[in-house]
Amino acid sequence: MTVGMTVDRTDSNRGDSGGAVPSRRPRRRFGLLFASIVLVGLGMSFLSASVFAPDLVDKVTGDVKVSVLKQFHQIFAPDELPSIRLGGEGGMVELDHCDGTFTEMVSYRIDDVLPLFAAHNNCGGDVILGWDLGQRVMVEGSDVVYEVVEERHTPKWSNVEALVGMTGEFMVQTCFYGENRMRFLSLAPVGPAGSVD
């Protein structure tokens, strides 16, 4: 006696048997759609914040940048002192060149005020925002190690007399991100490079 048998050769694991196993594609599409919506939402939030609270956005992004640069230096060059480049003398025109140097501001030359070198925070001046009192630094082209010995903050466009009496050899200045404040640090020599630990 022969028994007739038919075998269903469809692979139920692939979902080809009329939908026995749900396809995973809709889940992937939903995940991608959800991620896209989140990213667009974050982008729109950031755009709105930059329109309605630009100073806050500038402060937050600037603070993050300063923190990241400071951590980067500590991780990848822990034995190297941070350095700055002093440029020529001038005023706002020279300062606005944004050439990576600190410009000696001739308008700050009065009695009892140290020579002042300034740079915009978005032109490399923000390196000094990560410095604390006691920070040792180098000036490019010099073999002298300097130390941050004093700090002052003033509102932007303050009178130069607010800096009278700061000690040291010279000052460096930049603005805080997103604030109406400038930071002034005075630097004093502590010895030749290699002899100071």
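Biologist: In this structure the side chains of Glu-150 and Arg-152 are joined by a polar contact of 3.5 Å. What makes a pair of atoms a polar contact?

Modeller: The model is a predicted one, and the distance in it is computed from the atoms. A polar contact needs N or O atoms within 3.5 Å, one able to donate a hydrogen and the other able to accept it, and the pair of Glu-150 and Arg-152, at 3.5 Å, is therefore counted. A polar atom of the Glu-150 side chain also lies 3.0 Å from the backbone nitrogen of Thr-167.

Biologist: Why is Glu-150 called buried?

Modeller: Its relative accessible area is 19%, and the word buried is used under 20%, so Glu-150 falls on the buried side of that cut-off. The residue sits in strand β6, which covers residues 144-154. Leaving aside residues up to four places away in sequence, Glu-150 touches several others, among them Leu-133, Gly-165, Phe-184 and Ser-186.

Biologist: How do you know that Cys-98 and Cys-123 are joined by a disulfide?

Modeller: The S to S distance of Cys-98 and Cys-123 is 1.7 Å, and the rule asks for cysteine sulfur atoms within 2.5 Å, so this pair is called a disulfide. By this rule the count comes to one disulfide. The link is right-handed, with 50 degrees about the S-S bond. Cys-98 lies in the loop between α3 and β3, while Cys-123 lies in the loop between β4 and β5, and the two are 25 residues apart, in distant parts of the chain.

Biologist: What makes β1 and β2 edge strands?

Modeller: The open sheet has eight strands in the order β1-β5-β6-β8-β7-β4-β3-β2, with mixed pairing, and β1 and β2 each pair on one side only.

Biologist: How do you know that β2 and β3 pair?

Modeller: Two strands pair if at least two bridges are found between them, and β2 and β3 have three bridges, in the parallel sense, so they count as a pair. Within this part of the sheet, Leu-86 stands opposite Phe-102 in β3.

Note on methods. Residues numbered from 1 in each chain as written. Predicted model: local features only at pLDDT ≥ 70, side-chain atom pairs only at ≥ 80, totals over all residues. Heavy atoms only, no water. Helix = DSSP H or I, 4+ residues; strand = E, 2+ residues; numbered from the N terminus. Buried < 20%, exposed > 50% of the residue type's maximum accessible area, 1.4 Å probe, protein only. Contact = heavy atoms within 4.5 Å.
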